[in-house]
Amino acid sequence: MSEPIISTPPVRTHAGVPERTGMVTIYKSLLRWTMAQAGAMLPLVIVVQALLAAGIIIGFGFLIPDIDTHSAQFLSTGAPTVLVMIIGLVMVPQGVAQARTSGTFTYLRALPVPRPLLLLADLTVWLAVALPGVVVAVVVAQLRYGFSYTFDWPLLVAASVLTAVMATAVGYAIAVLLPPLLAQLATQVLVFFVLLFSPITFPLSQLPAWFQSVHDVLPFRPAGDMLRAGLLSDSYTASWQDLAVLLIWCVIGLVISVCALVRRA
Amino acid sequence: MSDAVLEVEALSRRFGSVVANDHVALRVRPGEVVGLLGHNGAGKTTLVSQVVGLLRPHGGSIRVAGVDVIADPATARRCVALQAQAQAPLDGLTPRAAIEIAGRLRGMSQADARSAARALADELDISEWFERRATPDGGGLSGGVRRLTAFAMAAVAPVPLVILDEPTNDVDAARRRRLWETVRRLGDDGAGVLLVTHNVVEAERVVDELVVLDRGKVVAAGSPSQLRGTSDRDLRLELSLHPDGDDPSAAPADVPIPIARRVRVGRRVLLTLSAADAEAAVAWATTLRSNERIEGYALAPVTLEDAYLAATADAAADSTATREEAAHV
């Protein structure tokens, strides 16, 4: 093997504390890192989302004989919320649990960066993964039932982003609170709860009264209703109470996640 | 205030009833490469985890470049570049991108990070894979190239303290040598380097100072020659015992030559003796072997490994001791 010519850059090692790197530079670098890791799976996730959307919109449709436009609209406009929830509450915890098992989580926490920025970079990437689900669900429903939407764009964008951030933050919190194996188990239970026991794809009135009030404080129904109001703005309206519930869950998820990142055992 | 880039004093950390670090003290000065040696579970990684603010000490103090790690862990982390024992998360990245990102996170300009990454790739001879992407489940790049990339990520930007935790795992012999040369250069450039390893032979070549940890305690510290503790003319006679066989050197009266140090490690006995007694030692060992009291013997110069094994011999003899520390870090 021939010896390469080594051109070592001038190194200036100071004994003192190095300058603080700009937050924007750190965030962009972390984003590049996280995006590279998630990049390979992004097309796959969109395919999975399309399949899930088809499963919910077409498959659940089979459960309702002679489905009318109203029911089809309700079912279809709940699907985006379910997709975003599945990304946030299932894929995110599984990803974080895997990072904890492999040592990646610890590796990143030892980096010379403010640790909340690690969460911010993660949130950004998961948002990029989750949000196409809304578009995919809208397209699948349009192809299946052919009804028209009445978009309230600002509300739709705000509700989608808030739902995705909330689901990701809560998913992250689950993964840092529970041991990795338990976290993965919890996500499986959550899928069933979101799909079958949450009034996202079926009306709240189908549930017993006590369960309806449980869903007033859980984030699933409020998220579903807000997104629906953004898609069918002539028939549904968003409520401030739903917004407040979503924001509270968002803050809980973020606070737990940041605490876990910053904490020294 | 001292000029040390790492100053650890009376550091203690427990995991339940297991004491992983017991009043550990060590110091790394600028330009110095300090080896932290110890068996698995000796408390090395626990110590490193406390320096970078992953674990909170139960007692003692740590200062990095004058910064109190316990009071201000975020600032202290800016002064430390760590190559962790676990593989760095490189999936989806090329070595070039990974090293550049590490440089950017430490405030290097895009151009500086790029040229430093390229220079390190040449220095470590990984240019061949510089643009190859690591894929999940260990694809794309071999374990050795990943390890060298992680090393380059720790070495790319000038920082007061570089901590390397088993940096040569999975790395081939030729590139190991290059890595050690780079470690030496980091020191020569003015950084303090804490090299965590259980590979005594490799460490001996590169370190200025050594600290030996055993069951959380510092059992020996000093320069390699101080630790060897014997003159360069001393020799080591290694006796290989039969399984369940007696140790013919157990009683000093049975050994016909003066022995400076005797260490038993499993079925091996290491005897340190003066070069002047070599002939008598060989005669004695030959007799032992022909009488079938030993399987074989070897005579060689004393190495640092002998001193290391002597310092940690108690642990080797008591291999059933509970070691839970590794499971916690």
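In chain B, strand β3 (residues 33-37) and strand β9 (residues 209-214) run parallel and are joined by four bridges; strands here are DSSP E runs of at least two residues, helices are H or I runs of at least four, and both are numbered from the N terminus. Strands count as paired when DSSP finds at least two bridges between them. Val34(B), for one, has Glu209(B) in β9(B) as its bridge partner.

This is a predicted model, in which local features need pLDDT of at least 70 and side-chain atom pairs pLDDT 80 or more, while totals for chains, interfaces and linings use all residues. Residues are numbered from 1 along each chain as its sequence is written, with chains lettered from A and ligands numbered from 1 in the order written.

Six strands of chain B form an open sheet with mixed pairing, in the order β6-β7-β8-β3-β9-β10. Because β6 (80-83) and β10 (217-222) of chain B each have a single partner strand, they stand at the edges, with one side lacking a neighbour in the sheet.

Angles run from 0 to 180 degrees between N-to-C directions, with axes fitted to C-alpha atoms, for helices over the stretch in contact.

| Helix | Strands touched | Angle |
|---|---|---|
| α6(B), residues 173-188 | β3(B), β7(B), β8(B) | about 150° with β8(B) |

Over in chain A, the axes of helix α5 (residues 115-130) and helix α7 (residues 153-177) come within 10 Å and cross at roughly 125°.

Notes: Contact = placed C-beta atoms within 7 Å.
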